[in-house]
Amino acid sequence: VNELQTLSAVDSGVTLSKEGKMMARFPLDPTLSRVIIHAATLGCVQEAVALTSMMSIDNVFVTNNRKLLEAALKRLRHSDGDHATLINIWKQFHANPKARQRKWCRDSCVNFKAMQKAIDTNIQLLEYTKGADIVITSNEDDMEPLLQSLCSGLFQNIAVLQRDGRTYKTISGGQEVYVHPSSALERSRPELVIYDELMLTKKLYMRRASKIKMEWLSEIVPPNMRAKLEVISSHI
């Protein structure tokens, strides 16, 4: 219930709000439903649905050829991080005629079957989006609106870079976490990032991370989360 309240899905009486009723129409975690709904206010619904579809697949890249993978990553990685990289993959895949998409995947070390799954998911989510009376808008030349929309749903998954320049601290639990070695942000280490989830191997890594800006958060993040963010940021 607390999570739904922070997402504005329910009111203080624990009844569904107008936004909550819209979220309930999607076959998604409420956090991702909110990403799509918020994208409507920023004119990037098409990209938000595509991103959500790409986030539903696990293994985007497949290859045993390290050199080929590194070359592909140079072409596909986006400086804003892993979510923008997923959009790059989505766009470049669809820039090819259907007859050449399998070959493009092979040359780019991209999992063709995973892309087919993402396409199926995208078709379904677009139908749900239209069913919720959300206009399908697009802003394909600017990643900022899409990343702002991502913050609206995943604001509990924000982390702040620490003084050592390599570790991050999450604002929700104060955990020490790291950018994954495979991330597009592995070398840049921006001050503020948002991520999908945490995964534990030798260290606690952020799965799919993207850089974000503090000024985006004032109206998106609930007051209690903003307070945590300010406390952690003050210790950088």
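Is Arg189 exposed, partly exposed or buried? Arg189 is partly exposed, at a relative accessible area of 22%, where buried means under 20%, exposed over 50% and partly exposed in between (1.4 Å probe, protein chains only).

A word on the ground rules. This is a predicted model, in which local features need pLDDT of at least 70 and side-chain atom pairs count only at pLDDT 80 or more, while totals for chains, interfaces and linings use all residues. Residues are numbered from 1 along each chain as its sequence is written, and side-chain values use heavy atoms, with hydrogens and water left out.

Most residues other than glycine have a negative phi. Here are two that go the other way; helices (H or I, at least four residues) and strands (E, at least two) are DSSP runs, numbered from the N terminus.

| Residue | Phi | Loop between | Relative accessible area |
|---|---|---|---|
| Asp133 | about 60° | α8 (112-131) and α9 (144-154) | 67% |
| Arg189 | about 50° | β3 (176-179) and β4 (192-200) | 22% |

**The barrel**

Five strands close into a barrel, in the order β1-β2-β3-β5-β4 and with mixed pairing; two strands pair if DSSP finds at least two bridges between them. On average, neighbouring strands of this sheet are turned by 50° against each other, direction ignored. Strand β2 (residues 168-170) runs antiparallel to β3 and is joined to it by two bridges. Take Lys169: its bridge partner in β3 is Glu176.

Helix α9 lies across β1 (158-161), β4 and β5 (204-211), at about 50° to β4. Axes here are lines fitted to C-alpha atoms, for helices over the stretch in contact, and angles run from 0 to 180 degrees between N-to-C directions.

**The cores**

A nonpolar core is a set of buried Ala, Val, Leu, Ile, Met, Phe, Trp, Tyr and Cys residues joined through side-chain atoms within 4.5 Å. The largest one has 54 residues, and Ile158 and Leu217 touch the most other members. Helix α4 (residues 45-55) gives the most to this core, with seven residues. Beyond four places in sequence, Leu217 touches Cys151, Ile158, Leu192, Ile212, Arg226 and Leu229, contact meaning heavy atoms within 4.5 Å. There's also a second, separate core of 11 residues, including Leu161, Tyr168, Val177 and Leu204.

**A look at Ile119**

Over in helix α8 sits Ile119, buried at 18% relative accessibility. Leaving aside neighbours within four places in sequence, Ile119 is in contact with Trp90, Phe93 and His94. The C-alpha atoms of Ile119 and His94 are separated by 10.0 Å, with the two residues 25 apart along the chain.
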